[in-house]
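Work through these exercises with the sequence and the model open. Try each task before reading its solution.

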Amino acid sequence: DTPAATSTSVVAATQTQTPSDPDADRYGGNLRIVSQASITTLDPLWSLAYVPVAVATHIYDTPFGWDSTLNPQPRMVGSWSVSSDAKTYTFVLRDGLRFHDDTPVTAEDVAVSLTRWISSAGPHASFARNFAADPAFRAKDANTFEFVLTEGYGAVLSNLGSPDQPPVIMPKAIASVTFTTEVTDQTGSGPYKFSKWDHGHQVILERFDGYVARSEPTDYFSGATTPYFDQLIWLEIPDEETKVAGLETGEWDVLDGAGLDFYNRLNSNPDIGVQLYKPGHRTNIILNPNIAPFGNPESEAPAGQRLTAQAIAGRQAVATGINVADVMASLGPSDLWTVCAAIYYCGTPLESDAGAEYYNRNDKARAREFMNASGYDGETIVLLNPTDYATITPTGFVIKQELEQIGFTVDMPANDWATVVTTFTTKTDNWNALASWTVHWCCGDPISDEAAAADTNFWPKIPGVQELRIAWAKETDPEKKMALLDELQIKLYEQVEIAYLGIFYSLYPHRADLQNYHVKAFPYFAGTWIEK
């Protein structure tokens, strides 16, 4: 990221070149991708779910993009400067940007799109709001826009390149609605454009011939990101065995995630490549803060909080009683998961054991004491668990069993992921717990931790958390920074932000002839091709 400047600084990015393509033989064919779960929307801001983002990142461009080291690099931006007080970032769009309807991308389109983004519930947007002026984004001329801050903030470029609830650019007429209104016109300026959506079956994107690639080599979401394929086809195949068998026979080319139980089988097949994503995904249980026994109407909570003491006791019952290893074992081989107390992931610079005494206690007797203190009187708890998600579905059955052993009465309705997403993002009074996971690339530090952001109806508000996140972002001394992280981690454990379980390493299997494919956060197919 660009550091806070002491004088006006200008960073010039390599401008796009459009020579004859020396890699013409890479073009053509279709890439068939099996979606991780059912596709609910193609608006990556309207839903907090991962699956829509996986498709939408190919349709829409962003000002910056993360490279393979997860550092931001320019995409739509050609050059930028930072004012001497670090409060104003000025960006100039690169040449050749056009929307899929063949209209030029203007700075006003970008400013309106980013205004929608910064108001959204994504972790990067919600954190950037703490430093944003009003208005935050404004067009200076047809190709220049500004991001105005109230104080210096070092993660601006990273935020503008985040693939998690990304700052996607749309025509201003489309982007002028709030993020709570679903955008159904998929006009973007990315390397692929929307073609067809057979709901429940497939989404088809086709190459955008008007896309002008950058001259730098493709490096994950940065560089050329050339659309070599004629079409990208996302297929919905709910059955895991069918997914794997179809990959083995070449019926499709990529699985966006697979059950960990298939690892040895797939890894031993010379026609298939398997990538593991590390530092990984953290399995968790989201506990609804809006209704008992894990929450309550916000009006009943003390000032500045969302939880009463009884609701916290209910949440502590879950966190105290769960056997984390048993839940994780449901996913597959033990070398593909780990039990880890570090909220910001083991094996990273932010690994911390602060609050570890609250983690993985597997103490059912103590959990029952908490349950009784919560006022729980035997009412049925609704646990949301999808039927079609290989890295969530198995955990739900063990979580249900664990909650019942503590003493809760649990109902786990059979719903696909699309139904589960719609339920927990739009309703607050008909579910109590959700089997889920978060991932390092979206939640691997206090800035991007979407749970700590508490901007949606299924995260609790915990006093002091936001202040600690902001202090951590501003602090430059490494020791003080870790001390703040330790304090934050203890607070999140004490009040049970969510029930943290183990970390697993996702599988991303693909046909071995798929080239230039590297999963650094989640699959991205611009810049990939099939070896002919």
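**Exercise 1: a glycine in a loop**

Gly295 counts as buried because its relative accessibility is 5%, where buried means under 20% relative accessible area, exposed over 50% and partly exposed in between (1.4 Å probe, protein chains only). The model is predicted: local features need pLDDT of at least 70, side-chain atom pairs count only at pLDDT 80 or more, and totals for chains, interfaces and linings use all residues. Residues are numbered from 1 along each chain as its sequence is written, and side-chain values use heavy atoms, with hydrogens and water left out.

Task: place Gly295 in the fold and list what Gly295 touches.

Solution. 
- Step 1. Gly295 sits in the loop between strand E14 (281–287) and helix H8 (309–321). Helices (H or I, at least four residues) and strands (E, at least two) are DSSP runs, numbered from the N terminus.
- Step 2. Skip residues up to four places away in sequence; Gly295 then touches Asn288, Pro289, Asn290, Leu307 and Ala311. Contact means heavy atoms within 4.5 Å.
- Step 3. Gly295 and Ile312 are 17 residues apart in sequence, yet 7.4 Å apart C-alpha to C-alpha.

**Exercise 2: two helix pairs**

Solution. 
- Step 1. The axes of H15 (residues 465–474) and H16 (residues 478–494) come within 9 Å and cross at roughly 160 degrees. Axes are lines fitted to C-alpha atoms, for helices over the stretch in contact; angles run from 0 to 180 degrees between N-to-C directions.
- Step 2. The axes of H10 (residues 364–373) and H11 (residues 393–406) come within 9 Å and cross at roughly 75 degrees.
- Step 3. Lys364, Ala367, Arg368 and Met371 of H10 meet Glu402, Gln405 and Ile406 of H11.

**Exercise 3: the nonpolar core**

Task: which residues have the most contacts inside the largest nonpolar core?

Solution. 
- Step 1. A nonpolar core is a set of buried Ala, Val, Leu, Ile, Met, Phe, Trp, Tyr and Cys residues joined through side-chain atoms within 4.5 Å.
- Step 2. The largest has 162 residues, and Phe91, Phe408 and Trp417 have the most contacts inside it.
- Step 3. Helix H1 (residues 50–59) gives the most to this core, with seven residues.
- Step 4. Beyond four places in sequence, the contacts of Trp417 include Ala37, Val51, Tyr389 and Phe424.
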